[in-house]
Amino acid sequence: MDPEQEEVEVIEIDENEPVPDEDDDDEGGDLSADINEMDLENEVQYDSDEFDDEATYRDDATFVYKKHADSVFTARIDSKTSDLVITGGQDDTAYVWSASSGETKFQCDGHKDSVTCVGFSHDGVYAASADLSGLVKVWKVETGKEVWSFECSDIEWMQWHQIAHVLIVGTQDGDTWMWKIPSGDCKTFQGHGSSSGSGCLLPDGKRLCVGYEDGTVKVWDMKTATCLHHVNGKDIHTSSVVCVDCHQDNNLILTGSTDATAKVIHSTMGKVVTTFNCAEENTEKENSVESCAFSDSQSSLAATGTLTGKLIIWDIPTQTNRNTCEHIGGVVKVKWDTSSPLVYTACLDGVIRLWDARNGKCSSEWVGHQDALLDFDVSKDGKTLVSVSEDNTARVFSLHKPDS
């Protein structure tokens, strides 16, 4: 792309194109109205150096899950029930449990290293857990029995297909694996010697985007396992791609990197459309775009979260910074509400926050963790948030007032 053209190029987004409704939810309602009714008088600011004094803080959690014996790295909520949760941790174990009752349904044992990736299939029939040693296990949720397992190299990321019992993982040796579950029929998307650091299925369910340690990005055809585009060269990242998201119109891909930039890539042309610079000026602090996401309800907006504590709301058509939201610690994950211009963040100061993308203001926050947050998920019905932390716990937060 000509650098002189990049400054004025306007990105066209087709808002009339049909969008797969796999993640749509009619029961969640507009969270904006619920947030406006929340009591914000108890909001507090945290000093991240004071985690040890538990009496200093309130705990907004409706339930605290304490089965894990070490840091809890990852959590996912079953979209079918909006209640079952799977969490994985440094204790080499994953658990499937109920967010409403706190009851442990079953333990996913037999792992050889920290469980860093977990997830449910689209219909809630299967749960998967994967560890740093490269061991992947799939469990039948109804019975809690292991139905399939496989060993590959160290696993970097994992994702279930949106509408099929197909599991995909990316590995440190650069390969990406895809299996039918439970038969184990396999396809391999061969790498080029650079670690497969992050990946995301496009909404069409037919293409896969993978970001690599060398800063390049590939778009794969899932049926043929062939590379449709290898995005590299001067316009791409200069270091590891650590997060990827795909726009609901199937045309745009958003990538975040340790080079403190985010790239918007056209999925059918395989070209970088623009670069969002998230770097800090006049500072030597280490920075990275740790998380990135397109908005579900506001198709022209995207968000990035950085290690220096910035949530930045980007306007895609004009390629401009719309709002910057400051955090006390680094932002480890961002996630848009599915029905409103609100975005959740998880921060190293242990606080979950909700921001209004229109004005950049914090609408609410949920506290209780006594150490850095590592991951969170929001239920499909929009009523429950589960977060996990280095404090060895998973916490369940209600996103609505009890009487609402």
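P182 is located in the loop that links strand 12 (176-180) and strand 13 (186-189). Strands are DSSP runs of E with at least two residues, numbered from the N terminus. The structure is a predicted model, in which local features need pLDDT of at least 70, side-chain atom pairs count only at pLDDT 80 or more, and totals for chains, interfaces and linings use all residues. Residues are numbered from 1 along each chain as its sequence is written, and side-chain values use heavy atoms, with hydrogens and water left out.

The peptide bond that leads from I181 into P182 is cis, and its omega is near 10°. Most peptide bonds are trans, and most residues other than glycine have a negative phi. W177 has T188 of strand 13 as its bridge partner. Five residues lie between the strands of this hairpin, and G184 there takes a positive phi near 85°.

A260 has a phi of about 65° and lies in the loop between strand 19 (252-257) and strand 20 (261-266). A260 counts as buried because its relative accessibility is 6%, where buried means under 20% relative accessible area, computed with a 1.4 Å probe on protein chains only. Q319 has a phi of about 60°. The loop that holds Q319 runs between strand 24 (310-315) and strand 25 (320-326). Q319 is likewise buried, with a relative accessible area of 13%.

Definitions and conventions. Helices (H or I, at least four residues) and strands (E, at least two) are DSSP runs, numbered from the N terminus. Buried means under 20% relative accessible area, exposed over 50%, partly exposed in between (1.4 Å probe, protein chains only). Two strands pair if DSSP finds at least two bridges between them.
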